[in-house]
Amino acid sequence: MKKHNFYAGPSILTPYTIKNTADAVIDFANTGLSILEVSHRSKEFQAVMDEAQALVKELLDIPAGYHVLFLGGGASLQFAMVPYNLLQTKAAYLDTGVWAHKAIKEAKLFGDVEIVATSEDKNYNYIPKNYTVPEDVDYFHYTTNNTIYGTEIRKDPDVKVRMVADMSSDIFSRPVDVSKYDIIYAGAQKNLAPAGATIIIVREDALGHVTRQIPTMLNYKTHADKGSMFNTPPVLPIFSALQTLKYYKEVGGVKEMEKRDLAKAAKLYEAIDSSRVFEATVKDHEDRSIMNVCFVLKPEYAEMEKAFIDFASTKGIVGIKGHRSVGGFRASLYNALPMESVDVLVAAMKEFENKL
Ligand SMILES: *Cc1c(COP(=O)(O)O)cnc(C)c1O
């Protein structure tokens, strides 16, 4: 049966990415070797790295003066690397949930952290508004898309300081004004590639301003100076990332992805909002994520949660169980998910509702 993959991460990849990765595992670039067994210093892999970096720059319209890195350690390592490299005295953080929390915890090891606002009072089901970012901070950090709660900030904020953003779960789903940021980072496994690589976009002159010693591997400058090839990079995820980037370019870039993502999300939220038995956990439409749609059964039907997951699985739907801290359901509609899968989910919801 055809599967409809709504997993939150690792998550669905384009068929183009899977097919080309599978082919390269057998024979990479006509070398007669698998991508799993070639030197990262080979000219064939260097070409992959160069093209992947160039395509990230092209797709996100990155101005001059920025480096694109592919490092290991996941987005979670960036929670520490960012303050290690940028936090001299004080940084401002927006607290929108678990991932923001983890970033804040690491930043506190390096300096003062001012939390400008939090939505903890309502289990992070909205985006805080009307906060002020102090002007005497080294940077302002926020999470663009809160994968667990299904909230998202889709407009680059206007603040007077440079910004750092965790875009792990919505990078390449909209055009971004990169010039507003010192660092953008994203684990690959949500909208780009298999787990193992983290994409980091770093502004050259954001570096070198802290007085502390930085261990070689944790210093962005080490990797920037060596074109992200200081040590062995995650070869296979980078190869897969290149396939996804090529696909994005081929279909019309991030503007086209945004159009498709908006259409998918609109259809699913519409089905939830008009349902007798389901309801969205994020009420304010402006705050709703187009990547992770969180919903629950209304209280009077709450005991049917497992029944719906089981019913959905008979339609080939996988990965819709909500995160344990929110409960209910979460349908992740990453770039690679086709509209057809949303249609199948919406039909399953209607069929289930009609039986209740
Ligand atoms: C998944 C996720 C992370 C964690 O990524 P790892 O690569 O597992 O460290 C961090 N931030 C956000 C927003 C995420 O969705």
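Contact here means heavy atoms within 4.5 Å. The model is predicted. By that cut-off, the cover over the buried residues of helix H6 includes helix H1 (15-26), helix H2 (43-59), strand S2 (66-71) and helix H7 (253-273).

**Helix H6**

- H6 spans residues 235-251 and has 17 residues.
- From first C-alpha to last, H6 reaches 25 Å, close to the 24 Å expected at 1.5 Å a residue.
- Buried residues in H6 include Val-235, Pro-237, Ile-238, Phe-239 and Ser-240.
- Ala-241, Leu-242, Gln-243, Thr-244, Leu-245 and Tyr-248 of H6 are buried too.

**H6 against H7**

- The two helices pack at an angle of about 85 degrees, and their axes are 7 Å apart.
- Angles of 65 to 115 degrees count as roughly perpendicular, so H6 and H7 are roughly perpendicular to each other.
- On the H6 side, the contact uses Tyr-247, Tyr-248, Lys-249 and Val-251.
- On the H7 side, it uses Gly-253, Glu-256, Met-257 and Arg-260.
- By class, this contact has 4 nonpolar, 1 polar and 3 charged residues.
- Tyr-248 is both a buried residue of H6 and a member of the contact with H7.

**H3 against H4**

- Helix H3 covers residues 74-86, and helix H4 covers residues 98-107.
- Their packing angle is about 40 degrees, with the axes 8 Å apart.
- H3 and H4 are therefore oblique to each other.
- Their crossing is right-handed.
- H3 contributes Ser-76, Phe-79, Ala-80 and Pro-83 to the contact.
- H4 contributes Trp-99, Lys-102, Ala-103, Glu-106 and Ala-107.
- The residues of the H3 and H4 contact divide into 6 nonpolar, 1 polar and 2 charged.

**H8 against H9**

- Helix H8 (residues 305-313) packs on helix H9 (residues 339-355) at an angle of about 130 degrees.
- The axes of H8 and H9 are 10 Å apart.
- H8 and H9 are therefore oblique to each other.
- The crossing of H8 with H9 is right-handed.
- From H8, the contact takes Ala-307, Phe-308 and Phe-311.
- From H9, it takes Leu-345, Ala-348, Met-349, Glu-351, Phe-352 and Lys-355.
- By class, the H8 and H9 contact has 7 nonpolar, no polar and 2 charged residues.

**Backbone features in loops**

- Gly-9 and Pro-10 are joined by a cis peptide bond, with omega about -5 degrees.
- Pro-10 lies in the loop between strand S1 (4-5) and H1.
- Tyr-124 is not a glycine, yet its phi is positive, about 60 degrees.
- The loop holding Tyr-124 runs between strand S4 (112-118) and strand S5 (140-143).
- Buried means under 20% relative accessible area, so Tyr-124, at 6% relative accessibility, counts as buried.
- Phe-172 is not a glycine either, and its phi is positive at about 70 degrees.
- Phe-172 is placed in the loop between strand S8 (163-166) and strand S9 (181-187).
- With a relative accessible area of 1%, Phe-172 is buried.

Notes
Residues numbered from 1 in each chain as written. Predicted model: local features only at pLDDT ≥ 70, side-chain atom pairs only at ≥ 80, totals over all residues. Heavy atoms only, no water. Helix = DSSP H or I, 4+ residues; strand = E, 2+ residues; numbered from the N terminus. Expected span 1.5 Å × (residues − 1). Buried < 20%, exposed > 50% of the residue type's maximum accessible area, 1.4 Å probe, protein only. Axes fitted to C-alpha atoms, helices over the stretch in contact; angles between N-to-C directions. Parallel < 35°, antiparallel > 145°, perpendicular 65-115°, else oblique. Left-handed = near helix turned anticlockwise from the far one by under 90°. Nonpolar A, V, L, I, M, F, W, Y, C, P; charged D, E, K, R; others polar.
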